[in-house]
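Hi,

Here is the structure I said I would pass on.

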Amino acid sequence: MSEIVVMKFGGTSVADAERIKHAARRIVDKREVGYGVVAVLSARGKTTDELIAMAEEVSPHPDAREMDMLLSTGERISCALCAMAINDLGHRAISLTGSQAGIKTDTSHTKARIVEVRADRVRAALEQDHIVLVAGFQGVSTADDVTTLGRGGSDTTAVAVAAALGAAECEIYTDVPGVFSADPRIVPDARKLDLVSFEEMLEMAASGAGVLQLRSVEDARNHGVRIHCRSSFDDHPGTVVLSEGESMDHAERPLITAVTHSTSDSMVTLVGVRHEPGMAARIFEALAEANVNVDMIDQNVPTSAGGLAEISFTVPHEDLYRATQALQPLADEVFAGVSTRQEMGKVSIVGAGMRTHPGVAAKVFRVLNDEQINIEMISTSPIKISCVIARAEVERAVRALHGAFELSGEDTIAIEQPFRAASQ
Ligand code: ADP
Ligand code: ASP
Ligand code: MG
């Protein structure tokens, strides 16, 4: 069988009929140079947001299983339409739901994890010379229910399918020309990175660079899948995500690679926490049980014996309701009170070079201080520094840090799309 390429098209890239036909043409072009092609498509344009809004119109906290039934329809529409367009170009295409494509997941509805890809049906279709379209962002759980993989999950579908098929490359076609030194919608003179290491891309994705879903990068690294993130509007090369050693050969590593941000964080503070062994465990076990993704955690311990502690943590905004619900049974026994701040965000700088350079954190704090931006929480890894700040300050913080670390490129890029809200 010919070498296989997986091509993933994001929502903007299949937003209307013209774009679906354009994606169909690119897919066919790839087939015509001899590759076996599997295309993974996202829901069109803002479809997923619209479906979420529809659900919230009928139920303020929709049931997660039913939410997945609803959300999975968006990507199916894209695939069926694209298959029609490909058939009209004289090729044979077949569209498959995630379930039909053998994407098996765990049972955590709305943020399921792929546990296995049984790619027999996809392989058989390729052998029959079909172009295969797989609905992104979805699978079927071990309990036989439809699941979705979390926002941006089509990237992960694409990488998982590429790994299962031993594909030559996983191409992620999107609405920007690649991975940049900051979100180019916020920093217009951000620099496109030709190469980025898995290590840095993981930190970038984890700290909000929504151009690639975090799990897709994790899976690509674990299975040795090469990701090429590029524009669906032109043929220019984008950004290749490589293993450490490979990327070192090609590029001299800068101190800082990128400034990333997120605008979907909420902060929870528990006051009057009993300062005894096991209390923190109970709090975070309850949150884990409720499938809440906790990001940063900070604890202020009492100075006097028998005093009370204060614990703060951040969660994605969409998990806040579940977090407070999950903590309710512990009120009084474990902590005295809870307060929440919904409108939070996070700014981070990422760079493998900072490992060997002292003073980076000091510079970050100085820059934010000069902008009079209050830092609420800080977390670090050897190659990342993240600060939780008020959501309204995030864009200013990104621009200030990008400027201070001199990350700009020579040319500014023209973004083809009208400005969208910078939320992830
Ligand atoms: P798709 O629908 O193609 O999956 P996404 O909206 O999920 O597209 O991801 C692409 C968007 O990611 C870009 O439009 C850009 O605004 C945003 N983005 C955030 N950080 C970065 C970054 N560092 N480099 C490139 N794009 C970024
Ligand atoms: N349609 C889903 C989303 O908007 C998945 C994806 O686009 O990757 O998050
Ligand atoms: Mg995406």
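Let me start with a salt bridge: Glu203 pairs with Lys384, and their closest N and O atoms are 3.5 Å apart. (By salt bridge I mean a side-chain nitrogen of Lys or Arg within 4 Å of a carboxyl oxygen of Asp or Glu.) This one links distant parts of the chain, with Glu203 in helix α6 (residues 198–206) and Lys384 in strand β18 (residues 384–390), 181 residues apart. Helices (H or I, at least four residues) and strands (E, at least two) are DSSP runs, numbered from the N terminus. Glu203 is buried at 17% relative accessible area, and Lys384 is buried too, at 11%. For burial I use under 20% relative accessible area as buried, over 50% as exposed and anything in between as partly exposed (1.4 Å probe, protein chains only).

Before going on, some housekeeping. This is a predicted model, so local features need pLDDT of at least 70 and side-chain atom pairs count only at pLDDT 80 or more, while totals for chains, interfaces and linings use all residues. Residues are numbered from 1 along each chain as its sequence is written, chains are lettered from A and ligands numbered from 1 in the order in which they are written, and side-chain values use heavy atoms, with hydrogens and water left out.

Back to the salt bridges, of which the structure holds 27. Another is Asp319 with Lys111, where the closest N and O atoms are 2.9 Å apart. Asp319 sits in the loop between β15 (308–316) and α10 (320–327) and Lys111 in the loop between β4 and β5, so the pair ties together parts that are 208 residues apart in sequence. Asp319 is buried, with a relative accessible area of 1%, and Lys111 is buried at 14%.

Arg25 has a relative accessible area of 36%, which makes it partly exposed, and Glu32 is partly exposed at 48%. Both belong to a network of salt bridges that links Arg25, Asp29 and Glu32.

Now the sheet. There is an open one of 4 strands in the order β5-β4-β7-β8, with mixed pairing. (Two strands pair if DSSP finds at least two bridges between them.) At the edges are β5 (114–117) and β8 (146–148), each pairing on one side only. From one strand to the next the twist averages 45 degrees. Inside the sheet, β4 (residues 103–105) and β7 (residues 138–141) run parallel and are joined by 2 bridges, with Lys104 opposite Val140 in β7.

Axes are lines fitted to C-alpha atoms, for helices over the stretch in contact (heavy atoms within 4.5 Å), and angles run from 0 to 180 degrees between N-to-C directions.

What is the span of α3? Its end C-alpha atoms are 38 Å apart, which agrees with the 36 Å that its 25 residues should span at 1.5 Å a residue (the expected span is 1.5 Å times one less than the number of residues). Buried residues in α3 include Met67, Leu71, Cys79, Cys82 and Ile86. Just after the helix, Gly90 takes a positive phi of about 90 degrees.

Then there is β1 (residues 4–9): 6 of its 6 residues are buried, so the strand is largely enclosed by the rest of the structure. Ile4, Val6 and Lys8 point one way, and Val5, Met7 and Phe9 the other. In a regular strand the side chains alternate between the two faces of the sheet. Strand β1 pairs with β2 (residues 36–41) in the parallel sense over 6 bridges, and Ala39 in β2 is the bridge partner of Met7.

Last stop is Ser231, in strand β11 (residues 227–231) and buried at 3% relative accessibility. Ser231 and Asp175 are 56 residues apart in sequence but 5.7 Å apart in space, C-alpha to C-alpha. Leaving out residues up to four places away in sequence, Ser231 touches Arg26, Tyr173, Thr174, Val176 and Pro177.

Cheers
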